[in-house]
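Biologist: I am new to this structure. Please take me through one part of it closely.

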Amino acid sequence: MNFFLETVRMVFLFIWYSVESFIYFIVPKKRKSVSGEVVLITGSGSGIGRLMALEFARLGSVLVLWDINQEGLKETAALAKEQGACRVHCYLCDCSDKAEVYRVADQVKREVGDVGILVNNAGVVTGKTFMESPDSLIEKTMEVNIMAHFWTYKAFLPAMMAKNHGHLVCIASSAGLIGVNGLADYCASKFAAVGFAEAVNLELLASGVDGVKTTIVCPYFINTGMFNGCQTKWPAVLPMLDPGYVAKKIIHAVLTDQDILEIPRIIYILTALKSILPSKQTHVLRMYMGAFSIMDTFRGRFRKQE
């Protein structure tokens, strides 16, 4: 390994990809086709999961819907068919149960085929401070929000790797980038989801599998009911997000192979400031932006599928 040559190579690639990014900023990247692609979405019985399913339905994808709510699944399936979906497959699955994830995954592979786009969207929130959170709810948060990602990847990633084709979509949160008062277990699970997705992406690239893409989605609080009652301090700067808008942004990110999507754009700035500012200054900034108080009025429903 030659230090000089490696350094020259790194500088060249850094400049090359910087120019490429600038070009894509000026000229939007071409969107890929997902027509006929098998898309599996966990937590698709309501909320963002349902809205993403409808967006994929309009694009001609084959939908595989997972949720613990059978009525919600039926409603999503009916709406997807109204939007033009030709094939919709619904499966009851508790993503917190590893054995059930593997069992239902095997059923999907037998009845539908290999999954081309995997969207890990199912999520729960406790909404209590760490010391007030019962152990059972903390465990459930970790099981649904991160451990389920391990099991779905184990189930569906091998086929993607064999074909060098596929897309892994991690619906994380801005709370997976910046800590929030009153969301210790949720933040832990979402930080883990971001780190897991990044690490697996590197593993794929290191092994020469460059056809399996990864998109990590880190939105601010979405107005789906999961964080019912929460009020943002400065709605003009950091608003509660409209679910339809978020769903469209996620689909666009997938179609353009965007690595990470932070919504709204100010999250990119706040994340960067957190990385470079001294801790006391970041605490002042978090207090100003409402990270200390946003959960004070929380009334959300535990086990709400995101």
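This is a predicted model: local features need pLDDT of at least 70, side-chain atom pairs count only at pLDDT 80 or more; totals for chains, interfaces and linings use all residues.

Modeller: About 180 Å³ of space lies in the second largest pocket. Its lining is made of Phe150, Tyr153, Lys154, Leu157, Pro158, Met161, Phe196, Val200, Glu203, Leu204 and Ser207. Helix α5 gives the most, with six residues. By class, the lining divides into eight nonpolar residues, one polar and two charged.

Helix α6 covers residues 184-206. It lies across β5 and β6 (212-219). Its direction is at about 160° to β6. Seven strands form an open sheet in the order β3-β2-β1-β4-β5-β6-β7, and the pairing is parallel. Strands β3 (88-92) and β7 (260-263) stand at the edges with a single partner strand each, so one side of each has no neighbour in the sheet. On average, neighbouring strands are turned by 15° against each other, direction ignored.

Strand β2 (residues 62-67) pairs with β3 in the parallel sense, over five bridges. Within β3, Tyr91 is the bridge partner of Trp66. Another helix, α2 (residues 47-58), lies across β1 (38-42), β2, β4 (117-120) and β5 (166-171). Helix α2 runs at about 170° to β1.

Helix α6 also takes part in the largest pocket, where it supplies at least two residues of the lining. So do α1 (3-26), β6, α7 (243-255) and β7. About 1200 Å³ of space lies in that pocket. It is lined by 28 residues, and the closest to its centre are Lys29, Thr256, Asp257, Gln258 and Asp259. The largest share of this lining, five residues, comes from α1. By class, the lining of the largest pocket has 13 nonpolar, six polar and nine charged residues.

One more kind of space remains: the cavities. There are three cavities of 30 Å³ or more. The largest cavity holds about 250 Å³ of space. Among its 17 lining residues, Ile178, Leu270, Arg286, Met289 and Ala291 are the closest to its centre. Helices α8 (266-276) and α9 (279-289) each supply at least two residues of that lining. The largest share, four residues, is from α9. The lining of the largest cavity has 12 nonpolar, three polar and two charged residues.

Technical notes:
Residues are numbered from 1 along each chain as its sequence is written. Side-chain values use heavy atoms; hydrogens and water are left out. Two strands pair if DSSP finds at least two bridges between them. Axes are lines fitted to C-alpha atoms, for helices over the stretch in contact, and angles run from 0 to 180 degrees between N-to-C directions. Contact means heavy atoms within 4.5 Å. On a 1 Å grid over the protein atoms alone, a cavity is a set of points where a 1.4 Å probe fits but cannot get out, and a pocket is an open set with protein on both sides within 12 Å along at least five of seven lines; lining residues have an atom within 4 Å of a point. Grid points are joined across faces, edges and corners, and a volume is the space filled by probe spheres set on the points. Ala, Val, Leu, Ile, Met, Phe, Trp, Tyr, Cys and Pro count as nonpolar, Asp, Glu, Lys and Arg as charged, and the others, Gly among them, as polar.
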